[in-house]
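Let's take a walk through this structure together. Have the sequence and the 3D view side by side, and follow along as we go.

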Amino acid sequence: MNNAQTVVFNGASKNFGDLCALDSLSLTIPEGSIYGFIGPNGAGKTTAMRLMLGIMQPTSGMVSVLGSDDSRTVRSEIGYLPEEKGLYPRMRVLDFIVYMGRLNHMDKKSAVSRARELLEEFDLINWQNDKCQSLSKGMGQKVQLISTLVHNPKLLILDEPFSGLDPINTDVVRSMILNRVKEKATVILSTHIMEQAESLCSALVLINKGRAVLEGPIDEIRAGDTVYLEHDKDETVLQGLPGVVSMKQFGRGVTLRISDEQDTQELLRAIVDRTKVIKFDTTSASLHEIFVREVGEDVEVGEDVEKGRLNGE
C-alpha cells in the first residue's frame with residue numbers, strides 16, 4: 001500500500017473577522033485515494049478546498065499539498081472543479097479546454113490532442129466547435145470537468161462534480177474518477193449526494209461549523225450500531241426495548257440505533273416477545289443516517305436531505 005501523503009492539514013484554521021470558517025482541521029489524505037468532504041451549508045468545506053488551492057492562506061496552522069507548504073508552487077499539478085461554473089460563454093468548446101490546458105503549462109499541440117481525446121471520452125467531440133453558451137447544463141458541466149482533467153493533474157479537487165448530470169453522465173463521471181485513481185491520481189470529492197460519497201470514497205471527513213466531526217476510513221465511520229427490522233405491528237410495541245437509543249420508521253420497516261454494549265441476540269429475543277419478526281438485519285449505518293445523527297439538530301432537514309441529498313454551500 002502506498003503511504004505517500006498528497007494533502008496534510010495540520011491544525012489549519014481560517015478566520016474572517018470574528019467568523020471562524022475552519023477550526024483546527026487536522027487530517028491526512030493519502031496518495032491514490034478518493035477522499036470525501038461532506039457537511040451542511042456553510043460548514044467550511046469550500047474554505048478547506050480554497051486553502052488546498054492556495055487561493056486563501058490559513059490564519060493559523062499549516063496545509064501541505066503534494067509535498068509543498070505553498071500549493072501555488074504546484075498549481076499546475078492540481079485540477080480544480082468549482083461548484084460555481086466558469087465557462088466563457090462566447091468561446092468555442094475546444095478553444096476553452098485548450099486555453100485551460102495552456103494556463104497549466106501545456107504546449108498548444110499537446111493541449112489540442114488531449115482536449116480532443118477527452119471530448120471523445122465524454123461523447124462531446126461533435127460539439128468541439130460550438131460556443132460554450134449553446135451547451136445544456138449537463139454538457140457544460142462535462143466541458144468544465146474536461147478542462148479540469150486536460151493537463152493530467154496528480155490531484156483532482158472536485159466540488160459537486162455530479163451537479164446537473166443525468167444518470168448516464170453520472171456513470172461517465174464516476175468511471176472517470178475511478179480511472180484517474182487507477183492512474184495514481186488522488187481525488188478529493190465534495191458532494192451532497194450521500195450515495196456517491198458512500199460508493200466512491202475510501203475515507204472522508206464530516207465537517208460541521210468549521211470542525212471535523214468525524215474523520216477516517218469510511219468502513220470505520222459506518223461501523224455497525226444499527227439494526228433494520230420488519231415486523232407485523234406498529235412501532236409502539238417497540239417502545240422501551242433494551243439498549244435502543246433511537247428509532248426511525250420506514251413504511252413497515254424500522255431502523256433501530258443501538259448502544260455499543262447492547263447484544264443484538266438479546267435485543268432480538270425481546271422483540272420476538274412483542275411482535276412477529278419478518279426481517280432482522282444488523283448492518284452498518286448509511287452516510288445519510290450518520291449525517292442526520294451528527295448534524296441534524298444544526299440544520300433544517302428538508303426534502304433534499306430525506307432523499308439523501310443536501311443543499312450546497
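A quick definition to begin with: a residue is called buried under 20% relative accessible area, exposed over 50%, and partly exposed in between, using a 1.4 Å probe and protein chains only. What you're looking at is a predicted model, where local features need pLDDT of at least 70 and side-chain atom pairs count only at pLDDT 80 or more, while totals for chains, interfaces and linings use all residues. Residues are numbered from 1 along each chain as its sequence is written, and side-chain values use heavy atoms, with hydrogens and water left out.

Start with the sheet. Three strands make up an open, antiparallel sheet in the order β2-β1-β4. Strands here are DSSP runs of E with at least two residues, helices are runs of H or I with at least four residues, and both are numbered from the N terminus; two strands pair if DSSP finds at least two bridges between them. β2 (19-30) and β4 (60-65) are the edge strands, and each has a single partner, so one side of each is left without a neighbour in the sheet. From one strand to the next, the twist averages 20 degrees.

Now zoom in on β1, residues 5-16, which runs antiparallel to β2 and pairs with it over eight bridges. Which residue of β2 stands opposite Q5? That would be P30. Helix α1 (residues 45-53) packs on this sheet and touches β1, β2 and β4, with its direction at about 120 degrees to that of β1. Contact means heavy atoms within 4.5 Å, and the axes are lines fitted to C-alpha atoms (for helices, over the stretch in contact), with angles running from 0 to 180 degrees between N-to-C directions.

The side chains of D23 and R211 meet in a salt bridge, at 2.7 Å from N to O. The term stands for a side-chain nitrogen of Lys or Arg within 4 Å of a carboxyl oxygen of Asp or Glu. D23 sits in strand β2 and R211 in strand β9 (residues 211-217), 188 residues apart. How accessible are the two partners? R211 counts as exposed at 51% relative accessibility, and D23 as partly exposed at 22%.

How many salt bridges does a search of the whole structure find? Six. Another one of them joins K154 and E77, at 2.8 Å from N to O. K154 lies in the loop between α4 (137-149) and β6 (155-159), and E77 in the loop between β4 and β5 (78-81), so this pair ties together parts that are 77 residues apart in sequence. E77 is partly exposed, with 26% relative accessibility.

Then there's the pair E121 and R180, whose side chains meet at 3.4 Å, N to O. Buried or exposed, where does R180 fall? R180 is buried, at 7% relative accessibility, whereas E121 is partly exposed at 36%.

One last stop: E261, in the loop between β12 (253-258) and α8 (264-272). E261 is exposed, at 67% relative accessibility.
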